[in-house]
Every structure is written in structure tokens, then in C-alpha cells.
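Dear colleague,

I am handing over the structure below for your files.

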Amino acid sequence: MSLVATQELLKIENLVLHFKTTKGVVQAVDGVDFELGTNRAVVILGESGCGKTSLSKALLRLLPRNVDKYSGKVLLQGTDVMELDEEEYRQNVRWVSMSLVPQAAMNSLNPVLKVGEQVAEPAILHLGLSKDEALGLVYKMFQHVGVPLDFVERYPFELSGGMRQRVALAMALVTSPSLIVLDEPTSALDLLTQANIMNVLKRIKHELGTSFILITHDIATSSELADEVAIMYAGQIVETGDAKDFFPAPLHPYAQMLMASVPRLRSDADPIFINGQPPSLMNPPTGCRFAARCPFRFEKCSEEPPVFRKGNRKVKCWLHN
Amino acid sequence: MIHTTELKEAMRMSTKIQAQREVLLSIRDLHVWYELRRFGFSHIGYVKAVDGVSFEMAQGETVAVVGESGCGKSSLMKTILGINIPTRGELIFEGKNLSKLAGSDLRDYRFDIGYVQQDPYGALPPFMSVQQILEEPLLVSGVKDKEKRMERIHKTMTEVKLHPVEDFLHKFPHMLSGGQQQRVVIARAMILEPKMIVADEPVSMLDASVRVEILKLLRSLQEQHRLSVIYITHDLSTVKYFSERIFVMYAGNLVEKAETRRLLTNPLHPYTLALLAATSDPDAGNADDFKEVPPGEPPSLVNPPKGCRFHPRCAKAIAGLCDEKEPVDFEPEPGHFVACWLYQKESP
């Protein structure tokens, strides 16, 4: 892996995460590949139950106990972090080069600790700073994310939802990782607060050069940050490409229908809906997983489609053979 | 002075609408305040959740109330449902004053209004099957004949497109997908054949691809039964597919009321403008620039700012006016009301 030449930050190959349940094996993440450059943001779009959150857990290796299969390659700055053991991973990867803003991050703060202490904690643990040095860093991070500095002394319940979300972001930023995974960062927030958080993320991307993986189902908001888009369906990525190419003309039928289902404020197009439901991840259908709901399906769709390249774009659909 | 303008407005509106349609619900100067007590004893103030709201709704009309969390939309909704008791003001439904209703009259009023909750899974009792869920309102309202009840259940379930009906009757909520759960909630709201439906963010918990399906279903039910619908949401992009008029709510007040088209093409209140600017459409160009968002956060409803409640966040605030006097509703164009001093002169 020549790191310098490609400017590649993250490369995921055939990442698999299956869970054991009493009813069978849930194939939540089933062979995901994508790449991400330095200072880029990729949006992973998908409906609930498609495996987006499991993907974020797989990346950060925050796994529950019922893992059935966890394999693949995750090359972060050239090293395969899947090879590291738990302790090495904790010391060198999690919150050092890659951190997470979990889903409903605003509710994941510890209610009995002052927010300043909570944000300082990763810096003390991972960077070996003293408490005062770490607090200095906290002030800097609060400036970046737009939290008033005197909030350091406050408890989470004294903050509004938007402010708590910013604090969670500051906590992810405090060790200056090169990559932040954001799991639905705006879903529980109000419209104006959402716009504010997206502004903050954009500013951080410009000022600190951080890369983002933004996991969401909110297509409209995701376009605020996306350089690249990956569409996830039933545990697999079905299309990836540049945001500038994707948003005007998605290639995969699922992506096309998903885009057409978004109600728009500034156009009169009548939104459509997709018939049927996503398949169960316990027993995904053979062949293309979207075939049952796809209006363009033909005989070939009973075989699993490989990934076809179209310029910079990739699409997992026989139509683009 | 405020009173007379509002009265005039109410009269003008009512004559206008009455010319076309019958008024179903009329709300006048509604206040819903919750008392705050220290340790449950001494009075320390009020949360002024709804503070002077007036509007009228015709039979068969759909209205969207748009606002952020904490602006009082839920309190307004609960008052309309007859759960909250208004502190001041009147709520008149089909000529009957809600605050004067009691006992069985109040119960009958509630039968006339259906409620579609935000979170379908939370709204459905997990231990009851779809049949039991839909049968209960019929039992409560006194439909004694089992066959009649089943007939109504079948009819309503077909209407909300839960077919084949037999497949769903004995399922429990956890066996249904989010979209199907929301259909059961809608069926439950519809089963007593109400005159009005209050839908509280009916699609915000659903996936993008299902959202439109549910909105279209609500729309077709509304048209078919000539229902009045109050659609409460924070998502402006779904509003135009659904409602004829939009009310924008901020800190307990309705700051702008207009027909949907007009409000979206010619928004007037600075808060409405901010909401519209913050709503994005999926477009790769969005990533290139920052959004304009008014500074600060919505005010506390215990001590709302003096004058216009939006003035501390408003770039166009007029010193000495906006921070002193509460704006009344102006009508810069017919049928378009805005509570903002900027439109004082344009008003006839």
C-alpha cells in the first residue's frame, strides 16, 4: 500500500459482520467495500435495518457479544486494523485515528459528569495529557464546534439538544483523529439546529482537514456534507460515486427510487414510494437483493450482480453491465 | 387593540370561508399555560405553551402547523383533542364550546376527532392484536353487535390498505413493519368515522420510501371522507403535498398563516424565511456553502422576551418597536396573515 501516492485514508474490503440470534444468523453487513480519501466525506445512505449502524460498529470494533462472523480488511492509513488485537486496537485506533459520534449522541453523555470533564477524558487516556492540558484542548474544541466556553462547567441536563450534540462532536474531535464516523448526527434535532450542526461539520472539515463517514437516512441533509455517496441496501453497498455525479443522476434502480421518494421544497415533482419491504437479513434472497421490488428486473437478476465500474462510479446492478 | 384586530380578522375570515364551506373548528385567543410550583406548593410562574392562538378551520380543510420542538404545537394539539384544558380563550367545534362540555358530551366530542400519533410502535399496545386494537374504540363507543364491529374493522382496514385483512387481524404490533404499524394507527383513528383528524408528525419516524406512501394514504382518506386534518410537523418539504394552509408557530404564537402556495412562494415572517432557508433539497451543490441560521435558540416559554418573541434572533428587528410591543396580525395580502411589525405599513 503506497499511502502517499494515493492520499487514501481508508480502504474497506469485503467487510462482513454477522450476528447470531436465536432465530438464525443476521447478515447485517455482508461484504462491504469502499474507499475514502483524506479530508473527504462519504455519506452512507440507507433505510432502517439495512445495516448502516452495524457498519459503524464494525468499523470502530464496538461489537456486541453475539457476533457470528467478523472479517474483511479495514486499511486505515495503510495498516490493516482488523489484524490488531483488542488492546492494540484500543490504544492505536479507536479514538486515536478514528472516532465515533454515536446515534442519539446527545443522550449518550454521562449525566453526572460535567461536560468539560467528559470531553477531556479521551485526551487524558489516549494522548497522555494532564487534566489541565486536556482542559485547554477542550476549550479549543468548544471553539471549533461553537459551544460557549463556560459550558465546560455545566452538566448535560443544562444543555439543549443541539448543544449536547456539539459536545459529543467535540468529544470525538478532541484527540484530532483523521476520521470521524457520524451515526445519524442530526436525526433527533430541530430543523434550525440541524442546519447549525451541518454548518459546524463543514467548518471542521475545512479547518481541521478531518474526513467523515456520515451514516444517515436523511438524503436531503446528507447532501450538505457529502463528497461521495454510498447507497446501502440489505447489508450491501449497491452504489458508490461522487456526490456531484450521484445526486443529479443515480444509477442503481434503488438509488433512483430512493431519490425520487424525497419530498422537495423547491420542485413540484410528485414523490413516489417503493413498493414492498427490504428483505430479511436472516435469509437474504439469492441474486440481487433488490430484485423483488425492482421495476426493471429481468432474468439475469436471479444471479448476484458483480460491481460494475462506470468512470469513477461503481454500481452493483446488471442493468449497467 | 389586539382584541379588536383579532376579532375583525376572525370575522373577515369566517365570512370568507363560510361563503365556501362550513366552519368546523374555531379557536379564539387560546391560551394554554401550565403552572409551575416550587416543591409542589408556592406558585413561581407559568409555562406559556400556547399564548394567544386564533384560527378557523372549515369542514374538509387540511391545515399544517409547522414549528420546532418546544414551540407549543403539542400543547395546541392536546387542547384540540380535549386532553388539555385551555387557561383562557375558546375552542368551538360545530358551534359547541369545548370548555362547556362535560361527561358524555365531551366523550362524543372525542369520538369526532381521530388522533394519529408520531411513533406508531409506542402508540400501539404491544399485548393486543390488530383486531383488539381496532375493536376497542368500537366497544367504548357502544357498538354492541359483534358482526357490525367486524364489518367496520374490515372496511377500515381495507381503506388503509392493510389487505388481505385476515392476514393482519391476529398479528401483534411487533410483527408489523413501521409502515404497517402506522396504518394500524391511522385505522384506529378512522374507525369511529371522525370529522377531524389530528396527525402529530405521522411520518417522521418512518423511512423515506414509506413516508410518501403514508402521506398519500392520509391524503386519499381525507378526500374520500371530506375530513378536516390538522397536520403537525417540522418538515416543510412534506407540507405542500398535504395541506391547503400553513400556520407557522414560534414560542407559543402563530406568527404566519397563509395558503400553502402563497407561504412557500412569498414567505414574509423572518422566522418562516429562516425555516425555509434551513430546509435542504438533495443537491450536491449544498456542500459548497454554509446555511444561514438565525443565532440563538427559541426562548423559554416561562419568561418569553418582551415584544416580538423572535426579536432577539431577528436580523431585521426594529429597535424600540419589536422589543417593546407585541406585534398584531397584519394582512399584507388577502388571506395572508403575519405577526411582524415589518408589514405594518403594507397592511390595508
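The largest nonpolar core has 99 residues. Those with the most contacts inside it include Leu10(A), Phe34(A), Leu182(A), Ile213(A) and Phe247(A). Helix 6 of chain A, residues 161-173, gives the most to this core, with eight residues. Apart from it lies another core, of 65 residues, with Ala195(A), Ile133(B), Ile214(B) and Leu215(B) among them. Please bear in mind that this is a predicted model.

On the surface of chain A, Phe296(A), Phe298(A) and Leu319(A) form a nonpolar patch with about 260 Å² of accessible area together. Phe296(A) is found in the loop between helix 10 (253-260) and strand 11 (308-310) of chain A. With a relative accessible area of 43%, Phe296(A) is partly exposed. In soluble globular proteins, by contrast, nonpolar side chains tend to be buried together.

In chain B, strand 4 (residues 88-93) pairs with strand 1 (residues 23-38) in the antiparallel sense, over five bridges. Here His31(B) stands opposite Arg88(B) of strand 4. Strand 4 of chain B is also joined by two bridges to strand 5 (residues 96-97), and these two run antiparallel. Ile92(B) stands opposite Asn97(B) in strand 5 of chain B. The hairpin of strands 4 and 5 of chain B has two residues between the strands, and Glu94(B) takes a positive phi near 50 degrees in it.

With kind regards

Technical notes
Residues numbered from 1 in each chain as written. Chains lettered and ligands numbered in written order. Predicted model: local features only at pLDDT ≥ 70, side-chain atom pairs only at ≥ 80, totals over all residues. Heavy atoms only, no water. Patch = residues over 30% accessible without salt bridge, like charges linked within 9 Å, V, L, I, M, F, W, Y side chains within 5 Å. Areas by Shrake-Rupley, 256 points an atom, 1.4 Å probe, with all protein chains shown as cover. Salt bridge = Lys/Arg side-chain N within 4 Å of Asp/Glu carboxyl O. Helix = DSSP H or I, 4+ residues; strand = E, 2+ residues; numbered from the N terminus. Buried < 20%, exposed > 50% of the residue type's maximum accessible area, 1.4 Å probe, protein only. Core = buried A, V, L, I, M, F, W, Y, C linked by side-chain atoms within 4.5 Å. Pairing = 2+ DSSP bridges.
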